[in-house]
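Please read this briefing alongside the sequence and the 3D view. The points below are grouped by topic.

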Amino acid sequence: MKRSWYVLIPIMVLACVFVVTWSGDAGARDVNTWLRQLKDPERAELAVNELTKIGEPAVRKLVDTASASSDMSMRGWSVLALSRIPGPIADGALQRLQNDGAQPALVRTWAAAGRVKRARTAKELFELANLQGQFPALDRPLKKRFGELMGSSQGKMSTTEMLELSMKMPQLAQMVMEPVLAAGARPLVQTMVTAGDDNVRRQA
């Protein structure tokens with residue numbers, strides 16, 4: 001009986017290795033299949049959704065496509081997929097694309113816009129707002145994300161944070177005014193007393 005187990009154990013180990021290897025190969029084939037479909041305007045959105053579901057295992061090939069494809073539309077779709085994949089690996093990939101001076105300005109702008117879209121808090125958006133000087137086309141994505149954060153309990157901004165952001169981005173001043181006034185006098189008084197920026201205190 002013991003001898004039978006000795007024979008079975010290596011077989012079971014080999015079977016496990018085969019399954020893992022086969023699964024990895026299948027995953028790579030799936031990524032390649034969906035990447036090819038980014039060329040097709042009618043299937044590109046579906047391909048982006050499927051690559052997003054695959055997640056981090058798709059990041060490397062998405063970066064390769066975004067940075068080196070001869071088809072500019074495939075680059076754009078690849079950046080969009082990266083912007084939808086959660087986690088630090090996709091974050092880092094987008095930041096590297098954004099900072100890569102060898103990339104076309106359009107690809108770098110798409111990557112920066114993808115990072116704006118991923119901002120989850122006011123603090124993250126503050127940091128990304130500085131990119132607008134380098135990428136003027138970020139004006140619209142920044143405004144859109146600002147509006148989304150204002151309506152989100154997860155990313156809800158304090159009066160001080162909204163005023164700080166409006167100082168960095170004067171085009172947001174009108175959007176900021178309504179929620180700031182709706183919050184009442186107390187948050188404004190608190191901002192006047194506690195804000196570290198003199199300009200923000202004066203604005204309050």
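**Briefing on the predicted model**

Lys143 has a relative accessible area of 28%, so this residue counts as partly exposed, where buried means under 20% relative accessible area, exposed means over 50%, and partly exposed lies in between, with a 1.4 Å probe and protein chains only. The model is a predicted one, in which local features need pLDDT of at least 70 and side-chain atom pairs count only at pLDDT 80 or more, while totals for chains, interfaces and linings use all residues. Residues are numbered from 1 along each chain as its sequence is written, and side-chain values use heavy atoms, with hydrogens and water left out.

**The chain as a whole**

- The protein chain contains 12 helices and zero strands, where helices (H or I, at least four residues) and strands (E, at least two) are DSSP runs numbered from the N terminus.
- Of the 204 residues in the protein chain, 36% are buried.
- The accessible surface of the protein chain is about 12,200 Å², and carbon and sulfur atoms account for 58% of this surface; such areas come from the Shrake-Rupley method with a 1.4 Å probe, and for residues only the protein chains shown count as cover.

**Salt bridges**

- The structure holds seven salt bridges, each defined as a side-chain nitrogen of Lys or Arg within 4 Å of a carboxyl oxygen of Asp or Glu.
- One of them joins Lys143 to Asp139, with the closest N and O atoms 3.6 Å apart, and both residues lie in helix α8 (residues 139-150), four residues apart, which is about one turn of the helix.
- Asp139 has a relative accessible area of 24% and is therefore partly exposed.
- Another salt bridge links Glu50 with Lys53, where the closest N and O atoms are 3.3 Å apart; both residues belong to helix α2 and are three residues apart, about one turn of the helix.
- Lys53 counts as exposed because its relative accessibility is 64%.
- The side chains of Arg120 and Glu124 also meet in a salt bridge, at 3.2 Å from N to O.
- Arg120 is partly exposed because its relative accessible area is 47%, and Glu124, at 24% relative accessibility, is partly exposed too.

**Packing of helices α3 and α4**

- Helix α3 (residues 59-68) packs against helix α4 (residues 72-84) at an angle of about 145°, and their axes are 8 Å apart; here the axes are lines fitted to C-alpha atoms, for helices over the stretch in contact, and angles run from 0 to 180 degrees between N-to-C directions.
- The residues making this contact include Val59, Leu62 and Thr65 of α3, and Met74, Arg75 and Ser78 of α4.
- Thr65, which is found in helix α3, counts as buried because its relative accessibility is 12%.
- Not counting residues up to four places away in sequence, Thr65 touches Leu35, Met74, Arg75 and Ser78.

- Leu35 lies in helix α1 (residues 2-36) and is buried, because its relative accessible area is 8%.
- Leaving aside neighbours within four places in sequence, Leu35 is in contact with Leu51, Lys61, Leu62, Thr65, Met74 and Ser78.
- Leu35 and Val48 are 13 residues apart along the chain, and their C-alpha atoms are separated by 8.3 Å.
- Glu45 has its place in helix α2 (residues 44-54) and, at 34% relative accessibility, counts as partly exposed.
- Not counting residues up to four places away in sequence, Glu45 touches Trp77, Leu80 and Arg84.
- Glu45 and Leu80 are 35 residues apart in sequence, and the distance between them in space is 9.6 Å, C-alpha to C-alpha.

**A nonpolar patch on the surface**

- Val189, Met192 and Val193 form a nonpolar surface patch with about 290 Å² of accessible area together; patches are made of residues with over 30% relative accessible area and no salt bridge, like charges being joined within 9 Å and nonpolar side chains (Val, Leu, Ile, Met, Phe, Trp, Tyr) within 5 Å.
- Val189 lies in helix α11 (residues 185-194) and counts as partly exposed because its relative accessibility is 46%.

Terms used:
Contact = heavy atoms within 4.5 Å.
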